[in-house]
Amino acid sequence: MPQHITVVSYDPVWNLKFKDEKQKIEAILKNDCFGVFHIGSTSVKNLDAKPIIDILVVVRDLSLVDAKQTEFENLGYEYLGEFGIKGRRYLRKGGDERTHQIHVFKHDNLDEIIRHLAFRDYLRTHKDVCTEYAKLKKDLADKFPYDINGYCDGKDNFVKEHEQKALAWYDSSWDRLYFAARSIQTKRDVSPFIVAGPVAAALMTVKGNIYTGVCIDTACSLGMCAERNAISTMITNGESEITKILALKADGEIIMPCGSCRELMMQLSKDSPNIEVLIDYESRAAVALGTLIPNWWGKDQFS
């Protein structure tokens with residue numbers, strides 16, 4: 001039977017269903033998984049939607065996802081490959097009355113990743129657009145209750161128009177830094193004395209360039225923090241002014257730069273107090289470096 005298209009009022013249960021599915025996806029993909037994000041209309045509070053949980057998954061290597069096809073099928077998913085979008089893996093479950101959709105992209109496919117995140121956050125913060133979008137979807141569901149192509153075609157122009165507005169509005173800096181850091185984050189046993197890689201960092205300069213580094217732990221005092229590694233690479237390449245920086249634990253959780261790295265950054269430039277330090281990736285919450293080192297001892301020397 002053709003899919004029955006229904007648009008219903010927002011349900012907080014949708015977020016709980018996403019969280020449940022996120023745990024299952026992470027359990028299957030393990031270290032290949034860089035992030036699992038709730039996207040689409042069910043991720044936007046108070047937005048009427050088809051009750052289908054859309055999920056964006058970012059991974060290190062798509063071939064490792066392909067190797068897990070059977071495990072996804074055991075969860076009830078159809079594994080449909082690219083399904084019309086190059087570089088994607090598309091999975092769905094629920095049959096004709098679909099309940100979940102997964103869109104998997106490799107970490108460097110930033111155009112697709114950012115497109116989904118930007119549109120989601122745009123809808124979350126633009127209530128007038130949400131209201132207009134909800135009305136359009138309800139009207140189309142009434143008009144095309146069993147015609148998914150008619151329903152999708154009817155909202156295509158609206159989605160494309162507001163996707164472009166969303167991309168112009170959205171600041172993707174933290175996404176680019178986060179996935180740059182994740183992409184180099186692998187544990188390496190360099191020798192019996194040196195381990196590198198569990199912690200990673202990424203920074204952005206005033207020129208918009210991104211530099212990354214991993215921690216280097218040694219059996220003596222000559223190790224290096226991931227942040228300092230990234231800063232060293234930046235300086236080696238002739239730059240010294242940072243605008244944003246983040247550091248991650250092995251599981252992708254944000255951690256704060258250590259005291260020594262904060263001090264080093266403060267010494268780089270008179271504008272260093274304005275460097276944004278990420279404290280939570282999900283909310284994109286950040287603090288200014290200057291608030292972490294109030295009354296810094298060396299500020300007068302820049303003048």
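Visitor: Ground rules before we start?

Guide: This is a predicted model, so local features need pLDDT of at least 70 and side-chain atom pairs count only at pLDDT 80 or more, while totals for chains, interfaces and linings use all residues. Residues are numbered from 1 along each chain as its sequence is written, and side-chain values use heavy atoms, with hydrogens and water left out.

Visitor: Why is lysine 30 called exposed?

Guide: The scale is relative accessible area: under 20% is buried, over 50% is exposed, and in between is partly exposed (1.4 Å probe, protein chains only). Lysine 30 has 54%, so it counts as exposed. Its place is in the loop between α1 (13-29) and β1, and its phi is near 50°, a positive value in a residue other than glycine.

Visitor: What about asparagine 295, buried or exposed?

Guide: Exposed, because its relative accessibility is 72%. Asparagine 295 lies in the segment after α10 (289-292), and its phi, near 55°, is also a positive value in a residue other than glycine.

Visitor: And why does serine 172 count as buried?

Guide: Its relative accessibility is 13%, so it counts as buried. Serine 172 sits in the loop between α6 and α7. Across the whole protein, buried residues make up 46% of the 303 residues.

Visitor: What makes a group of residues a nonpolar core?

Guide: The members must be buried Ala, Val, Leu, Ile, Met, Phe, Trp, Tyr or Cys residues, joined through side-chain atoms within 4.5 Å. The largest such core has 40 residues, and Phe37, Leu56, Leu117, Leu123, Phe179, Leu246 and Tyr281 touch the most other members. Elements giving two or more residues to this core include β1 (33-39), β2 (53-59), α4 (110-125), α6 (148-169) and α7 (173-183). The biggest giver is α4, with 8 residues. There is also a second, separate core of 20 residues, with Ile53, Leu62, Phe72 and Tyr79 among them. As background, nonpolar side chains in soluble globular proteins tend to be buried together.

Visitor: Which residues is leucine 117 in contact with, leaving aside its neighbours within four places in sequence?

Guide: Contact means heavy atoms within 4.5 Å. By that test leucine 117 is in contact with Phe37, Ile39, Leu56, Tyr170, Asp175, Tyr281 and Arg284.

Visitor: Why is α4 said to be largely enclosed?

Guide: Because 12 of its 16 residues are buried, α4 is largely enclosed by the rest of the structure. The buried ones include Leu110, His116, Arg120 and Asp121, and the cover over them includes β1, β2, β5 (100-106), α5, α6 and α7.

Visitor: What makes α4 and α6 roughly perpendicular?

Guide: Axes are lines fitted to C-alpha atoms, for helices over the stretch in contact, with angles from 0 to 180 degrees between N-to-C directions. Under 35 degrees is roughly parallel, over 145 roughly antiparallel, 65 to 115 roughly perpendicular, and the rest oblique. The angle between α4 and α6 is about 90°, with axes 8 Å apart, and they are therefore roughly perpendicular to each other. Among the residues making the contact are Ile114, Ala118 and Tyr122 of α4 and Val159, His162 and Trp169 of α6.

Visitor: And why are α8 and α9 called roughly parallel?

Guide: Helix α8 (residues 226-236) and helix α9 (residues 259-266) pack at about 25°, with their axes 9 Å apart, and are therefore roughly parallel to each other. Here Glu227, Arg228 and Ile231 in α8 meet Ser260, Cys261, Leu264 and Met265 in α9.

Definitions and conventions:
Helix = DSSP H or I, 4+ residues; strand = E, 2+ residues; numbered from the N terminus.
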